[in-house]
Amino acid sequence: DADYMGLTNPVKMKALYPDLSDEELAKKMVPISSPSDLEVDENNNVYMVDTNNNRVIVLDPYYRLKFIIDSFKNLSGNIDVLNAPEGVFITKEKNVNGVIEKSRIFVCDTGNHRILTFDINGNFLSEIGKVLEIGTDGARFNGTVPATAPDGTINPPAALVVTHGDTSVSTRRLPILSANAGRQSYSVAPISTFALRTRGVP
């Protein structure tokens, strides 16, 4: 339950976030509400998208809280927050054509029409939200016009999978498309490719 995980346990939460004020800590100490996606990495850590609470909860293999992704310092140096996220995907560290790509956390920040990437410890790396946007990790978004709104932003992303060119992976991860959702492939230079399910007409 939430107390066992540490989400509603004041002692455990204060140990994880010693610099937060009591008021800030209280905002984090809420039970899970409307979980929409769940992933398990190669070390059996669990990543749960808690949509109504605008966060991604990361648990260890024993389902104890490791950290929460709900806010971060963006590329402009300002504090930014998630808005109704719906999807998460974790990549493994791998060698792709002689280039080492470290594990990353991809989050569908649905309400903000963007995808966010974090390192495996929850540190912000990049925002993938408009065509040809470059993040701190050098990621470059090369989406095509049909999957974007008129201003170039992504239609609200609901789920994604990093494929490294293996389209069968995206078929397994995103098997069902509703009538008002679309599937699109994108490249994040130089080595990642991901398939994305969006809300709205693709």
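Are Glu 127 and Arg 114 buried or exposed? Both Glu 127 and Arg 114 are buried. Buried means under 20% relative accessible area, exposed over 50%, and partly exposed in between, with a 1.4 Å probe and protein chains only.

## Model and conventions

This is a predicted model, in which local features need pLDDT of at least 70 and side-chain atom pairs count only at pLDDT 80 or more, while totals for chains, interfaces and linings use all residues. Residues are numbered from 1 along each chain as its sequence is written, and side-chain values use heavy atoms, with hydrogens and water left out.

## Overall make-up

The protein has four helices and 15 strands. Both are DSSP runs numbered from the N terminus: helices are H or I with at least four residues, strands are E with at least two. Of the 202 residues, 47% are buried. Accessible areas come from the Shrake-Rupley method with a 1.4 Å probe; for residues, only the protein chains shown count as cover.

Contact means heavy atoms within 4.5 Å. Take the contacts between residues at least 6 apart in sequence: 44% of them join residues at least 24 apart.

## The salt-bridge network

A search of the whole structure finds six salt bridges. The criterion is a side-chain nitrogen of Lys or Arg within 4 Å of a carboxyl oxygen of Asp or Glu. Asp 80, Asp 109, Arg 114 and Glu 127 are linked in a network of such bridges. Side chains of opposite charge can pair when their charged atoms come close.

Arg 114 meets Asp 80 at 2.9 Å, N to O. That pair links distant parts of the chain, with Asp 80 in strand 6 (residues 79-81) and Arg 114 in strand 11, 34 residues apart. Arg 114 also meets Asp 109, at 2.7 Å, N to O. With Glu 127, the closest N and O atoms of the bridge to Arg 114 are 3.4 Å apart. Glu 127 lies in strand 12 (residues 124-128) and Arg 114 in strand 11, so this bridge ties together parts 13 residues apart in sequence. Relative accessible area is 16% for Asp 80, which is buried. Arg 114 is buried at 5%, and Asp 109 is buried at 0%.

Strand 11 pairs on two sides of the sequence. Strand 10 and strand 11 are antiparallel over six bridges; pairing requires that DSSP finds at least two bridges between two strands. Arg 104 has Asp 119 as its bridge partner in strand 11. The two strands form a hairpin with four residues between them, and His 113 in the turn has a positive phi of about 55 degrees.

Strand 11 and strand 12 also run antiparallel, joined by four bridges. Here Leu 116 has Glu 127 as its bridge partner in strand 12. Their hairpin again has four residues between the strands, and Gly 122 takes a positive phi near 90 degrees. Six of the six residues of strand 11 are buried. Arg 114, Leu 116 and Phe 118 lie on one side, Ile 115, Thr 117 and Asp 119 on the other. In a regular strand the side chains alternate between the two faces of the sheet.

## Nonpolar cores

A nonpolar core is a set of buried Ala, Val, Leu, Ile, Met, Phe, Trp, Tyr and Cys residues joined through side-chain atoms within 4.5 Å. The largest has 26 residues, and Ile 105 and Phe 118 have the most contacts inside it. Elements that each supply at least two residues of this core include helix 1 (2-5), strand 7 (87-90), strand 10 (104-109) and strand 11 (114-119). A second, separate core of seven residues includes Phe 89, Ile 128, Leu 160 and Val 161.

Leaving aside neighbours within four places in sequence, Ile 105 contacts residues including Tyr 47, Phe 67, Val 88, Leu 116 and Phe 118. Ile 105 in strand 10 is also the bridge partner of Ile 90. Strand 7 and strand 10 pair in the antiparallel sense over four bridges. From strand 7, Gly 87 and Phe 89 point one way and Val 88 and Ile 90 the other, and all are buried.

## At the surface

Tyr 4, Tyr 62 and Tyr 63 make a nonpolar surface patch of about 370 Å². Patches are made of residues with over 30% relative accessible area and no salt bridge: like charges are joined within 9 Å, nonpolar side chains (Val, Leu, Ile, Met, Phe, Trp, Tyr) within 5 Å. Tyr 62 sits in the loop between strand 3 (55-59) and strand 4 (65-69). Tyr 62 is exposed, at 54% relative accessibility.

Lys 102 lies in the loop between strand 9 (99-101) and strand 10. Lys 102 is exposed too, at 57%. Not counting residues up to four places away in sequence, Lys 102 touches Thr 91 and Glu 93.
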